[in-house]
Amino acid sequence: MGNVISGPNSQNTLALSALIISLVALLTTVLQVLQQYYSSAEGYRRCAESVMGLWAKGTHRKLRFQEFRIEVVFETPVMFTAPPENERGPIQGRAIHYIDGSEESYNNTRVLGPQAQEKVEAEATARVHTADDERSSWVTLLSTLQLKESVSRKWDLEYRKKCPPRTRPGAIEAPNYRLAVGLQSKTRSWDFIPSSITKPYATSAMCHLVEMMAMLGLYWKAFDQSTWNLRAEGNGFILTSTQVHGLGVMVVFATTGKSTFEERRVIPCQAIKDLPFGTVPNIFEDDLYLDKDKDTQSLELVFGTAEEVTNTLESLGCQADALKKYNKDHKHIFSVAFEIIGMLGKVFRIRGSNFRMLPNPTSDPWLKKIGAKASWKITKLMEIFQAKLQELIEIEGIDALEKSNKIATIAMQWKRIADLNCTDEANLSIEVREAIHDAIDETTSYLLSISQLEILSVLVAHVTRVLNVLADPVSPLNTIVLANKEDALLSYYFSEIRPLVIHDYPTEIHDNSTGPKKRSLSTSEMKQKEEVRNTIWVTLIFRMLCWLLLHDFDKSDVKIVPSDLKGSRMPVYIG
């Protein structure tokens with residue numbers, strides 16, 4: 001009987017055992033190699049859907065055979081502001097998708113729809129008590145921008161239908177919103193993400209960041225360029241910044257409370273690219289007007305720092321004494337800067353729209369809030385203005401029905417607007433807004449039909465006289481009581497300021513008949529000069545009041561963003 005161990009069955013058993021052990025060892029080795037290989041996919045877990053939302057679908061692992069590792073490739077947005085028809089973006093060859101609140105825009109920008117977003121947020125928390133630290137803040141920013149467009153456009157449409165026009169022929173055309181946030185997808189590799197970064201970031205430029213925050217209703221509380229300490233708050237949001245070594249300025253956007261995007265939404269106009277930086281586009285920015293007269297000059301109205309305001313007033317023609325008095329005091333019931341803006345600023349309201357809010361381009365707060373209990377009202381100012389205008393028409397014997405007389409035309413025009421019910425400035429109908437817009441356009445056409453020198457002469461005389469009065473602490477403009485502010489202001493303007501302005505002109509001129517010598521103006525020439533100045537003054541005051549009826553500022557908003565950042569393409573990263 002042979003040895004059992006050396007039997008064929010035993011040899012097979014040993015061989016099978018050795019094979020199993022070898023396979024287990026091989027599998028373990030393969031798993032170790034694969035684990036090491038896949039562990040080289042650094043950052044993959046940080047590009048998950050819980051961090052990037054729907055943008056996580058663009059994340060994938062790319063094999064690098066030569067380096068025997070895996071590279072993580074993902075996509076994040078590059079965000080900017082531009083007119084919706086703009087087709088040129090910062091990344092060539094990539095499609096541009098604009099945020100407009102539509103279902104297509106939600107899909108194109110990879111943002112969850114409102115209902116899906118509400119469900120996700122409801123699962124996380126019923127109310128905002130703590131921050132969602134896991135999600136990248138630019139995902140929240142995109143979702144907020146879409147919500148803003150969806151809610152505000154719906155409100156604008158409903159308000160337009162709520163008060164349809166009664167007297168205007170035909171329907172009022174739908175508004176053409178002139179500014180939107182656009183984005184392009186940019187492919188990135190985690191290989192080039194600084195080690196201190198734990199989440200994918202989106203990219204923008206400094207000017208676009210300021211413009212986007214203005215569109216969302218945030219106001220800057222800190223803007224220190226030396227340390228890049230940035231902080232903006234408002235409308236239930238906050239934006240803060242930090243410096244990232246090897247990268248630059250990174251900001252974080254977060255929700256802190258309830259937000260509103262209906263009537264308080266900022267007008268989506270091109271001026272958003274100017275106003276937050278202190279620049280106000282003006283009526284003289286017209287090539288045809290500038291080319292019409294060789295003495296006409298382009299003007300830039302900048303109301304940021306005290307130095308910029310001084311330069312602006314100097315460019316208008318104010319003397320050194322007026323500049324000193326402006327720096328001393330330039331406010332009655334509101335700042336004189338808002339008077340100049342209303343007189344010379346372009347109309348930023350969009351035809352067919354009810355939005356009226358704008359970023360404040362001045363360092364002066366707009367200490368007024370629209371409502372039934374407002375401390376003073378533009379509509380009341382206009383009511384007093386029209387009463388004083390009627391008195392002026394009677395005193396000067398102007399034919400109230402003479403269409404060729406600009407003062408009579410203004411009175412008739414406002415009477416037609418007042419008949420449409422223009423008493424509640426907080427709830428002006430779309431028909432009233434369109435009529436006021438028409439009135440401003442007509443005053444602008446009149447002003448651009450005369451020389452720039454005449455307009456600025458009257459404006460500077462008005463500003464100078466007002467500043468002279470404000471320089472006295474006990475003057476009537478500095479002692480306006482709480483009640484009847486509107487009457488006190490415009491009564492003083494008509495009785496005291498207007499006569500000084502219309503008589504503030506040189507009484508001697510050069511002409512061809514006297515050669516180098518000056519001659520005195522004749523009585524008829526002086527009378528004609530005063531009539532023209534009177535008409536210009538009335539037109540400027542009327543235009544200012546109409547402009548303020550169509551535009552509004554938040555009392556918490558003042559301009560602190562440096563003017564030199566206008567148009568700045570300095571990169572900003574949104575974490």
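Predicted model: local features only at pLDDT ≥ 70, side-chain atom pairs only at ≥ 80, totals over all residues.
Reader: Okay, and which residue does Arg351 meet in a salt bridge?

Author: The side chain of Arg351 meets that of Glu434 in a salt bridge, at 2.9 Å from N to O. Glu434 belongs to helix α13 (residues 430–447), while Arg351 sits in the loop between α10 (336–344) and α11 (378–395), so the pair ties together parts that are 83 residues apart in sequence.

Reader: Is Glu434 buried or exposed?

Author: Glu434 counts as buried, because its relative accessibility is 4%.

Reader: Which residues share that salt-bridge network?

Author: Salt bridges with shared partners join Arg349, Arg351, Glu434, Asp438 and Asp441 into one network.

Reader: How many salt bridges are there in the whole structure?

Author: A search of the whole structure gives 25 salt bridges. One of them pairs Glu75 with Arg110, where the closest N and O atoms are 2.6 Å apart. Since Glu75 is in strand β2 (residues 69–82) and Arg110 is in the loop between α3 (103–108) and α4 (114–124), this pair ties together parts that are 35 residues apart in sequence. Glu75 is buried at 17% relative accessible area, whereas Arg110 is partly exposed at 24%.

Reader: Switching topic, how many cavities of 30 Å³ or more are there?

Author: The count comes to 2 cavities of 30 Å³ or more. The largest cavity holds about 70 Å³ of space, and its lining has 5 nonpolar, 1 polar and 4 charged residues, including Arg356, Lys368, Glu425 and Asp552.

Reader: And what lines the second largest cavity?

Author: The second largest cavity, with about 30 Å³ of space, is lined by Phe334, Leu381, Leu489, Leu490, Tyr493, Met544 and Leu545. The elements that give two or more residues to this lining are α15 (485–502) and α16 (523–550), and α15 gives the most, with 3 residues. By class, the lining has 7 nonpolar, no polar and no charged residues.

Reader: Last one, which residues form the nonpolar patch on the surface?

Author: That patch is formed by Leu16, Leu19, Ile20, Leu23, Val24, Leu26 and Val30, which together have about 630 Å² of accessible area. Among them, Leu23 is found in helix α1 (residues 8–39), and Leu23 counts as partly exposed because its relative accessibility is 48%.

Terms used: Residues numbered from 1 in each chain as written. Heavy atoms only, no water. Patch = residues over 30% accessible without salt bridge, like charges linked within 9 Å, V, L, I, M, F, W, Y side chains within 5 Å. Areas by Shrake-Rupley, 256 points an atom, 1.4 Å probe, with all protein chains shown as cover. Salt bridge = Lys/Arg side-chain N within 4 Å of Asp/Glu carboxyl O. Helix = DSSP H or I, 4+ residues; strand = E, 2+ residues; numbered from the N terminus. Buried < 20%, exposed > 50% of the residue type's maximum accessible area, 1.4 Å probe, protein only. 1 Å grid on protein atoms, 1.4 Å probe; cavity = no way out; pocket = protein on both sides within 12 Å on 5 of 7 lines; lining within 4 Å. Points joined across faces, edges and corners; volume = space filled by probe spheres on them. Nonpolar A, V, L, I, M, F, W, Y, C, P; charged D, E, K, R; others polar.
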